[in-house]
Amino acid sequence: MINYPQIDPVIFRLGPLQPRWYGLMYLCGFLYAFRLLKKYSKWIGLPSPEVADSVLATLVMGLIVTARIVYVLFYNLSETLAGPWWEVFAIWHGGLAFHGGLLGVVLAGIYVSRKYKIQWRRLTDVLALATPVGLGLGRIANFINGELWGRETTVPWGMIFPTGGPHPRHPSQLYESFLEGVVLYIILHLVWRRRPKVGVVSATFLLCYALFRISMEFFREPDVQVGFLFWGITMGQLLSTTMIAYGSFLLWQSLTRGEDGKKDAKAK
C-alpha cells in the first residue's frame with residue numbers, strides 16, 4: 001500500500017483569497033485551448049485571431065453551466081435539493097460532469113459558429129485536440145481533492161483516501177489522468193499531423209475517450225448517491241455509450257463525405 005500524499009486542495013491562503021488546485025488545473029486547460037484557437041484561427045475560419053477571446057469565453061460558459069446541470073440531474077439531484085440552495089453553484093467543491101461539459105461545448109460551438117460564420121467541425125477538431133490537457137490535469141485535481149477514488153483493491157499501489165473508508169483503493173484518478181490526458185493527447189496529435197478530413201479528429205476523440213472512460217469505470221467507485229444502474233453498469237459507462245454511437249457516425253461521415261483538412265477555410 002502507498003500512503004496517500006495528503007496534498008492541501010488550497011494552493012495558498014491570503015485572507016479571503018484561497019486559490020485551489022482544482023481551479024488552477026481548469027485554467028491551464030482553458031489557456032491551452034485558447035492557444036490552439038489562436039494558432040489555428042485561419043484554418044478554423046475565424047475573422048481574426050483576436051476573436052478567439054470571445055469564442056473561448058462562450059465555450060467556457062457553456063461548459064461550466066451544462067457540466068454542473070448534468071452533474072446535479074444525473075449524479076446528485078436528491079443531495080443537492082436537500083442542501084442549501086447556493087450549493088447548486090458550488091463548483092469549487094467539484095461536481096462537474098464531463099458529459100455535460102461536452103454537451104455545453106457542442107451547443108456553445110454551434111452558437112459561435114453561426115455568430116462568426118466559422119466552420120463548426122473545424123472548430124470542434126481544434127477543441128478536441130486541446131481537451132486532453134484539461135482532462136488530464138482535471139483528474140490530477142480530483143486526486144488532490146481526494147475525490148472520485150477507485151474501488152477497493154489489494155494491488156501494492158492501493159491507497160487509503162481520507163473519505164474512502166479504511167481499505168486501500170485504486171487511485172483511479174491517476175489512471176484516468178494517464179489515459180484521458182497523456183495517451184489521448186498523443187493519439188489525437190498523431191492523427192492531427194496527418195491532416196485528415198475535417199471531423200476525423202473530433203470522432204477519434206469521442207471514440208477514444210468513451211472507450212477509456214468505460215474501461216476505467218471498472219476501477220472507479222461509482223458515486224455513492226447513484227451506485228450501479230443495471231447489469232453492473234455505471235452512469236459514466238451509460239453516458240459514454242452515446243459518445244461511441246455518435247463518434248462512429250461522425251467518423252463514417254467524415255471519411256466518406258468530409259472536407260479536405262489540408263485546405264485553409266475559405267474567407268467569409
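**Entry 1**

I started in helix H1, residues 21-39, where Tyr-22 and Tyr-26 sit four residues apart, about one turn of the helix. A reminder to myself before going on: this is a predicted model. I then counted ring pairs through the whole model and got 13 aromatic pairs. Tyr-22 and Tyr-26 form one of them, with 5.2 Å centre to centre and 50 degrees between the planes, which makes the pair tilted.

Is each of these tyrosines buried or exposed? I found Tyr-22 at 8% relative accessibility, so Tyr-22 is buried, because the cut-off for that is under 20%. Tyr-26 comes out at 25%, so I noted Tyr-26 as partly exposed.

**Entry 1: a pair across the sequence**

Next I looked at Tyr-175 and Phe-219. Their ring centres are 5.8 Å apart and the planes stand at 90 degrees, so I wrote the pair down as edge-to-face. Which parts of the chain does this pair tie together? Tyr-175 belongs to helix H7 (residues 172-193), while Phe-219 is in the loop between helix H8 (200-216) and helix H9 (235-257), so the parts joined are 44 residues apart in sequence. I also checked the cover on Phe-219: at 31% relative accessibility, Phe-219 is partly exposed.

One more aromatic note: Tyr-4, Phe-143 and Phe-161 are linked into a cluster by ring pairs.

**Entry 2: arginines over tryptophans**

I went looking for charges over rings. The charged end of Arg-122 sits over the ring of Trp-43, at 4.6 Å from the ring centre. Arg-195 lies over the face of Trp-192, and there I read 5.1 Å to the ring centre.

I placed Arg-195 in the loop between H7 and H8, and its relative accessibility of 28% makes it partly exposed. Its phi is positive, about 45 degrees, although Arg-195 is not a glycine. For context, most residues other than glycine have a negative phi.

I found another such case in Gln-6, with phi near 55 degrees, also a positive value in a residue other than glycine. Gln-6 is in the segment before H1, and with 56% relative accessibility Gln-6 counts as exposed.

Ile-11, Phe-12, Leu-14, Leu-17, Leu-24, Leu-27 and Leu-31 make a nonpolar surface patch of about 620 Å². I located Leu-31 in helix H1, the helix that also holds Tyr-22 and Tyr-26.

**Entry 3: Ser-254**

My last stop was Ser-254, in helix H9.

Key: Residues numbered from 1 in each chain as written. Predicted model: local features only at pLDDT ≥ 70, side-chain atom pairs only at ≥ 80, totals over all residues. Heavy atoms only, no water. Phe/Tyr/Trp six-rings, centres within 6.5 Å; stacked < 30°, edge-to-face > 60°. Helix = DSSP H or I, 4+ residues; strand = E, 2+ residues; numbered from the N terminus. Buried < 20%, exposed > 50% of the residue type's maximum accessible area, 1.4 Å probe, protein only. Lys NZ or Arg CZ within 6 Å of the ring centre and 35° of its normal. Patch = residues over 30% accessible without salt bridge, like charges linked within 9 Å, V, L, I, M, F, W, Y side chains within 5 Å. Areas by Shrake-Rupley, 256 points an atom, 1.4 Å probe, with all protein chains shown as cover. Salt bridge = Lys/Arg side-chain N within 4 Å of Asp/Glu carboxyl O.
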